Amino acid sequence: MSRIAVIGSNMVDLVSYVDRMPLEGETLEAPRFVIGCGGKGANQAIAAARTGADVLFITRVGDDIFSEQTIRNLQDSGIDTKYVKKSPGFSSGVAPIFVHPDSHNSILIIKGANRCLNAASIEEAADDIQKCALIVLQLEVELEAVYAAIDFGARHHIPVLLNPAPAIADLDENSIGKLDFLVPNETELSLISGMPVTSTETARLAARALLAKGIKNVIATLGVQGALYVGQEGEWVVPGITVQAVDTTGAGDAFVGCFARFWSETRDIRAAMEKAVLYSACSVTACGTQTSYPDQQKFQEFQESLSKHPHPHAMSAA
């Protein structure tokens, strides 16, 4: 089994279900509250681990009551937490989320200890990262850490995958030119390329423009359309999967984690994309983010059910 290094963020989701938001100076009772584990780095690490990957996760948590919950949640999925370290004087990363009756939500992001992940964090874990077959990154931590990890991968000939979310327009071209995989959604692809992305064809043009910057492979997730590949092996689309969606939160992270697991083991991009589209489709059939990510047995059952009982309504697969 190939080992994957996921370097990135973790968050604690603090979800309040509200009838309405209080006015200034007003106190209201809310009907429901839920605490969940999230953050793009943690989500992708969990998805990779649940599909069978050996995952090393490098992140920072605070010195508060949330840190132990975060670490325990990662360990429950079999993730190596050697480099999930506490940052004294910082809170854990949290995301207070207010969900309205019409299902719309308002979200605050407090990075907290995620800001403490830096270039020194990468060097500290150097010996263990060098044993990995793939480095997986996102943009929910400081760019210093992201660029340091990309450079580390280039120096040690370890493939690097970047999921550029949350999207940033002015990424350093020298750094992203060293990437083996860039995995954006349509909005992120448009922002990074500076080109409109309104269809599969315009996504293809934007991806080609990024290849000209040195990136080896671009995989764009296209929601109900599936996922587009443009890279060294050619161009193709893996179609979306027909499912009855319940909650599409975290589907992109499910795609990235699953793709990382299968590509790191087989080096077959198309086959890994096909698995990732299936896995992200499975994730949207359940509520929540990490809570919706199936383990290997449930994923296998989902795949078998598709052939026996195809669902009538197409929804987001990635």
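Author: A disulfide is a pair of cysteine sulfur atoms within 2.5 Å. This is a predicted model, in which local features need pLDDT of at least 70, side-chain atom pairs count only at pLDDT 80 or more, and totals for chains, interfaces and linings use all residues. Residues are numbered from 1 along each chain as its sequence is written, and side-chain values use heavy atoms, with hydrogens and water left out.

Reader: How many disulfides does the structure hold?

Author: It holds zero. Cys37 is in none, as the nearest cysteine sulfur, that of Cys287, is 17 Å away. For Cys287, the closest cysteine sulfur is in Cys282, at 13 Å, which is too far for a bond.

Reader: Is Cys287 buried or exposed?

Author: Buried means under 20% relative accessible area, exposed over 50%, and partly exposed in between, using a 1.4 Å probe and protein chains only. Cys287 is exposed, at 54% relative accessibility, while Cys37 is buried, at 16%.

Reader: How many residues of helix α10 are buried?

Author: Helices are DSSP runs of H or I with at least four residues, numbered from the N terminus. Helix α10 covers residues 269–283. Eleven of its 15 residues are buried, so the helix is largely enclosed by the rest of the structure. Among them are Ile269, Met273 and Cys282.

Reader: Which residues have the most contacts inside the largest nonpolar core?

Author: A nonpolar core is a set of buried Ala, Val, Leu, Ile, Met, Phe, Trp, Tyr and Cys residues joined through side-chain atoms within 4.5 Å. The largest has 51 residues, and Ile219, Phe259, Ile269 and Met273 have the most contacts inside it. Another core, of 42 residues, lies apart from it and includes Leu117 and Leu179.

Notes:
Helices (H or I, at least four residues) and strands (E, at least two) are DSSP runs, numbered from the N terminus. The expected span of a helix is 1.5 Å times one less than its number of residues.
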